[in-house]
Amino acid sequence: MCGVVGIIGTSEAAQEIFLGLTTLQHRGQDAAGILTYDEDGFHRVKNLGLVESVFNRENMGMLTGAAAIGHARYSTIGRGDLIDVQPLMLSYPFGLGIIHNGNIVNCNELADDLRLRSCRHLLTQSDTEIVLNLFAEKLASMAQGCGLDGPSFEHICEAVGSVFQKVNGSYSVVMLVANKGLVAFRDPSGIRPLIWGKRPVRREGERATGNKFHGSEAHMVASESVALSFLGYETVRDVQPGEVLFIDMDGQVHSRVITSGGRRSCMFEWVYFASPESVIDGVPVYGSRIQLGKNLASFIRKQVEAKKLEIDMIVPVPETSRIAAIALAEELGIPYRELLIKNRYIKRTFILDSQEKRQNAVNLKLSPVRSEIKGKKVLLVDDSIVRGTTSKKIIDLVRRAGASNVYFVSTCPPIRFPCYYGIDFPSQTELIASGKNLSEIEQVLGADAVIYQELSGLRRSLEMVETVGGTVGLCMACLDGDYPTDVSCGEKFAELRQADRKGRAQRAAKGCKR
């Protein structure tokens, strides 16, 4: 899971990409990068770390041009090295730059094929490089002899179609083609989000000149609508599953749905990952989280009426669950209290890449208000329970603060199956709900009761929100095992990811010893 932004049509493209990435920082905290293009060619800055630490006044001054792409990385493939940080580039054909959000399930097989069949030497461990090479290979074969005119939209569609045929997984991709324009496409199931917006060029000094861009409107594509609205872009629509969108240097928009397997958007976007200001595939994130809380209320009310639960207060686990917890408290008429105070300088513990890091981070991340918790029956609300590491720590934290009873509510149903599409739990063995019943989960977590959202409640939470363009189709494979693509090579994928984590931990340990 990463954050991607692409902009074409303004001389302030790099500055806007920087601001867009800042609004999407929650999607990736490992690394960031920006690539721009003008008549002098490509210009790139990238590094490990948060957006604000990677870019400064000096290196932003190097990023000139009216077209730019930017990436905030959450590492789910590879070792997290600097060489893997996006955007990635190829000089042939024409000059290409790429950013990508998602995971390629068959990346190992495709990498072997590129090496053996095409004699291509891959320079990174990133699956994004695989997509880049497959696109480039087909584009080169289609566009031979077109010279300075560069590839046509038909050529680009053929190249994207080749990616669709070979690549299995989730991918929302944004590319720059030198002197031609910006390309965006989304996998045939639309698992990862991608939205398109535009705005008029605001002033004459902003308009790009020369051979850089000749349109009167600036265009932007991004992982979430929050980036568009922050920068004043009006949403046009979501990029459709299996669609290629191309904005050329004259500002002309070309689009085509090449193939579609039916929309299967990742449910975790609404439950946890996306910013509450965003609208994903027509479904407002804030509204869906309100409904998640309301749907839980009816079940919990029955438990209270049956005297199985006695609740003095409802407490959210910051930050994502706050909206659902408020709705739940309103429905039940039980006091809502914010009693776990978050240290805002600690990373989101779920996306840290090792259990040890997650455990240590929880101790620094949350501080309980002991004076309010002591002697109380506390209902904790969190967005989900994945490995259970963080949940167990929080329950223990509240108990040590003096709570007489601790109940734990998950707004997401039990996660029992691996995710191969960009959420970093590719191994079933690490999931607390896999192979355990509710009583066993309660025992492991140390909770007096654990309450999960039901699958039907999750569906209703998204369907009940007023949408643009109808009900969104969901990927809930981590809940029900119904994967939208072939995952027969998923076991190999999980093995590679485990090896990446192990290698990263070993290098970190060596660094500490030094």
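This is a predicted model: local features need pLDDT of at least 70, side-chain atom pairs count only at pLDDT 80 or more; totals for chains, interfaces and linings use all residues.
**α4 against α5.** Helix α4 (residues 107-118) and helix α5 (residues 127-142) pack at about 45° with axes 10 Å apart, so they are oblique to each other. Angles under 35 degrees would be roughly parallel, over 145 roughly antiparallel and 65 to 115 roughly perpendicular, with the rest oblique. I took axes as lines fitted to C-alpha atoms, for helices over the stretch in contact, with angles from 0 to 180 degrees between N-to-C directions. Helices (H or I, at least four residues) and strands (E, at least two) are DSSP runs numbered from the N terminus.

Next, the contact (heavy atoms within 4.5 Å). From α4 I noted Cys107, Leu110, Ala111, Leu114, Arg117 and Ser118, which meet Asp127, Ile130, Asn133, Leu134 and Glu137 of α5.

**The sheet.** I found an open sheet of 4 strands in the order β17-β20-β21-β22, paired parallel. β17 (313-316) and β22 (449-452) are its edge strands, each pairing on one side only. On average, neighbouring strands are turned by 25° against each other, direction ignored.

I then checked β17 with β20 (residues 377-382): they pair in the parallel sense over 4 bridges; pairing needs at least two DSSP bridges between two strands. Pro316 stands opposite Val381 in β20. Helix α10 (residues 322-332) lies across β17 and β20 and runs at about 170° to β17.

**Ground rules.** Residues are numbered from 1 along each chain as its sequence is written, and side-chain values use heavy atoms, leaving out hydrogens and water. Local features need pLDDT of at least 70 and side-chain atom pairs count only at pLDDT 80 or more, while totals for chains, interfaces and linings use all residues.
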